[in-house]
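Dear colleague,

Please find below the structure that I am handing over to you. My notes on it follow directly after.

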Amino acid sequence: MTSRLLFRAIALVALGGGLAIAHSLIPPKHPILLGTPKPPESGPFGVVPNPVVTENGQSRDTTTPTTASTPPTQAGPGLNITTAEAFEFFQKGVSFVDSRNLDEYTAGHIENAFYLTADQLISGKGLAVMSMLDPKAPVVVYCGGGMCDASKNLVNYLQAAGFTRCHIMHDGYPAWLASGHPTAQGAPEIAE
Amino acid sequence: MTSLSSKPPAPLGGIVLVVRVLLGGLFIFAAVMKLSSPAAFALSVAHFKIIPEHADHLTKLAAYAVPWIEAVCGLSLVLGLWARSAALVLTLLLAGFIAMIASTIYRDLNVSCSCFGKFEFPCSGPVGWCHIARNGVLLALALLVVWCGPGSLAIDRESTR
């Protein structure tokens, strides 16, 4: 009786495993991207839009390349950057992306940071935020720091979408907050 | 093994039927939700940090194998075909889930469950004691089927009549 019970249990697991292997051979709609992201390509900082409305009401774009004084170098910051390096990016107008959960973002995030997660991209959301980012410009992604993987996962999917200059603020939002750098609170303007 | 008799007392047979169908249906639902987005479930599995980072292929395997085993065992429970064996497999799976969740609590990880895909009930937010309690209840129900057999209206019962 017991041996038959166990044999059938093993057979059910084997059937499930066989179906799983067969299913895994079908290319998924969204690929499973795990592991460490590729290092970012070096290059100039992106262009920070800076529209100014003149006295006569006309819009004048004073956009300037933020790299005017910093020519591209081959040895730029690596994939993982410190909070201090992230703050340098912040001062140069680089886009920041918060990859934590929505509640954490709402409670507090880096000033002007976008909200985007790997789960959103997998489920076909987050395209509005993606359209706001320049794939060729640096993007700093952060999560809760420590053993948090959300940044790494998001960067994997951003790289697959053509973003070549992603950085991860390794120590995450807690370190940024502890450093006294600019933060904001509230729900994201673009949540999906 | 008289304690593993497949013929529970008549009133218990109806209760086991309800438990078996509800449990099976729940696991089929969980499997469908996970299989609708293997990538999202794979990320969730990776977040638990049970499988080493250099063994991503095992994470991908788990992302497909766990829901398919849930689906097969869930269907088996609903039909009452090899129900006791299916309940045994689900018992082991649930015990594994409980151990994984306890491990994340101990390591203070902030991990989402993805147990039912985008749905979260009755627990929400990062995995915690609520998830352990929920899985504990499901484990007790699965053990009931292991112990009592398939109950009423089961293919197992019809085929042995």
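**Helix α3 of chain B and its surroundings**

In this predicted model, α3(B) is followed by G80(B), a residue with a positive phi, near 75°. The helix itself has 24 residues and spans 35 Å from its first C-alpha to its last, close to the 34 Å expected at 1.5 Å a residue. Along its course, α3(B) bends by about 25° at A62(B).

**Contact between the chains**

Between the two chains, 31 residues of chain B are in contact with 29 residues of chain A. On the side of chain B that touches chain A, at least two residues each come from α2 (38–47), α3 (56–79) and α4 (83–106) of chain B. The most is given by α3(B), with 11 residues.

Chain A holds an open sheet of 5 strands with parallel pairing, in the order β5-β10-β9-β6-β8. The edges are taken by β5 (80–81) and β8 (114–115) of chain A; each has a single partner strand, so one side of each is left without a neighbour in the sheet. For β5(A), the partner is β10 (residues 166–169) of chain A, to which 2 bridges join it in parallel. Within this pairing, N80(A) has I168(A) of β10(A) as its bridge partner. Helix α6 (residues 150–160) of chain A packs on the sheet, where it touches β6 (95–98), β9 (139–142) and β10 of chain A. The direction of α6(A) makes about 175° with that of β10(A).

Yours sincerely

Conventions:
Residues are numbered from 1 along each chain as its sequence is written. Chains are lettered from A and ligands numbered from 1 in the order in which they are written. This is a predicted model: local features need pLDDT of at least 70, side-chain atom pairs count only at pLDDT 80 or more; totals for chains, interfaces and linings use all residues. Two residues are in contact if their C-beta atoms, placed from the backbone, lie within 7 Å. Helices (H or I, at least four residues) and strands (E, at least two) are DSSP runs, numbered from the N terminus. The expected span of a helix is 1.5 Å times one less than its number of residues. The bend at a residue is the angle between axes fitted to the seven residues ending there and the seven starting there. Two strands pair if DSSP finds at least two bridges between them. Axes are lines fitted to C-alpha atoms, for helices over the stretch in contact, and angles run from 0 to 180 degrees between N-to-C directions.
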